Amino acid sequence: MHRYLRSVGFSTYKHKKKIEGLLTLLEQTAENRKCVQFEPGVNLCEIRAEVAPGMGVTLIGEVDEAGCFQRDYYYPYLLSPDESSAAECSIQRHTEKETFAGLLDDNRVGISLIFYLENGFEFQKRIMHRRPTRPVSVRLSSFSNEGKILLPLHKTRRQIEMAKVAAMDRNNLLEAARNGDEEAMETLTIEDIDMYSQISRRVMREDLYSIVDSCFMPSGIECDQYSVIGDILHVEEYQNKITDESIYNLTVSCNDLLFHVGILKADLMGDPQPGRRFKGQIWMQGTVVFSENEEDCI
């Protein structure tokens, strides 16, 4: 079972036999099918079964000469209409199967953000047809199996503006440091030492979540999972058309990085409202928008 299958409303599907029956049903009823021939008589096929607006389950496999679909793997998906980043991005294939990971170097996050490539089939198709494969931008989305709603921090308008200016200055310093500027490196080091000192003093008398406004950090041993705290900008509630389970689609901003979080209503503690904060562990996936410039062909 895919760990995040419950996040699209299939929380009762826990045993292999039941999951196989569900995947067969989705395969037979799905309307979105794409195929590409990569060997004579064998086609690579992607089947997308939408169970709620913009989210569902993707099945990938081969169609043999007899026209039978042989499923290789599946994963839940959540589509994001919002551009998250236009920073430099690279794509690499996973070792175990024909799936891909994206590596996004965005200074706002502070780390190299790794995500599961949601439109890997499109990437493969572009390679086979010798079309451009250079990423232009990324639309990030994610799933969570457990989350909490935190109250927002009270900030004045002046504090909000000062935080934006400080974030821009830090991004400029990070970019300069990446390019080898020793003065920028020294400034960042001093800032980090000062921040550590301030936090150490405040944590003795304040609650941790009144100090930490947002966070984005790797979680566990899998490289595309993160622990996040971010501001909720928009909330949508959907129902899985097969199970009738309720699912939230949260638009979250963390360190000025915009992404969507799909989570089962029963797995979220608290009432999600714009202005409040989401805290949880997420599995990050992303849809890459590719260049259409023929010079970017591999």
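Is E183 buried or exposed? E183 is exposed, with a relative accessible area of 61%, where exposed stands for over 50%, buried for under 20% and partly exposed for what lies in between (1.4 Å probe, protein chains only). The views below come from a predicted model, in which local features need pLDDT of at least 70 and side-chain atom pairs count only at pLDDT 80 or more, while totals for chains, interfaces and linings use all residues. Residues are numbered from 1 along each chain as its sequence is written, and side-chain values use heavy atoms, with hydrogens and water left out.

**View 1. The whole protein, with five helices and 15 strands.** Helices (H or I, at least four residues) and strands (E, at least two) are DSSP runs, numbered from the N terminus. The radius of gyration, taken over C-alpha atoms, is 21 Å, close to the 19 Å that the globule rule gives for 298 residues, so the protein is as compact as a globular protein of that length; the rule is 2.2 Å times the number of residues to the power 0.38. The C-alpha trace spans about 70 × 45 × 30 Å along its principal axes, and 43% of the 298 residues count as buried.

**View 2. A patch of negative charge on the surface, formed by D181, E182, E183 and E186.** Of these residues, E183 has its place in helix 4 (residues 182–202). Patches are made of residues with over 30% relative accessible area and no salt bridge, like charges being joined within 9 Å and nonpolar side chains (Val, Leu, Ile, Met, Phe, Trp, Tyr) within 5 Å. A salt bridge is a side-chain nitrogen of Lys or Arg within 4 Å of a carboxyl oxygen of Asp or Glu.

**View 3. A nonpolar surface patch of about 400 Å², made by M195, I199, V203 and M204.** Accessible areas come from the Shrake-Rupley method with a 1.4 Å probe, and for residues only the protein chains shown count as cover. M204 lies in the loop between helix 4 and helix 5 (208–211) and is exposed, with a relative accessible area of 71%.

**View 4. R130, which has a positive phi of about 55° although it is not a glycine.** Most residues other than glycine have a negative phi. R130 sits in the loop between helix 2 (120–128) and strand 8 (135–144), and R130 is exposed at a relative accessible area of 65%.

**View 5. N255, a non-glycine residue with a positive phi of about 55°.** The loop that holds N255 runs between strand 12 (246–254) and strand 13 (257–264). With a relative accessible area of 27%, N255 is partly exposed.

Key
Lys, Arg positive; Asp, Glu negative; His and termini not counted. Charge placed at Lys NZ, Arg CZ, Asp CG, Glu CD.
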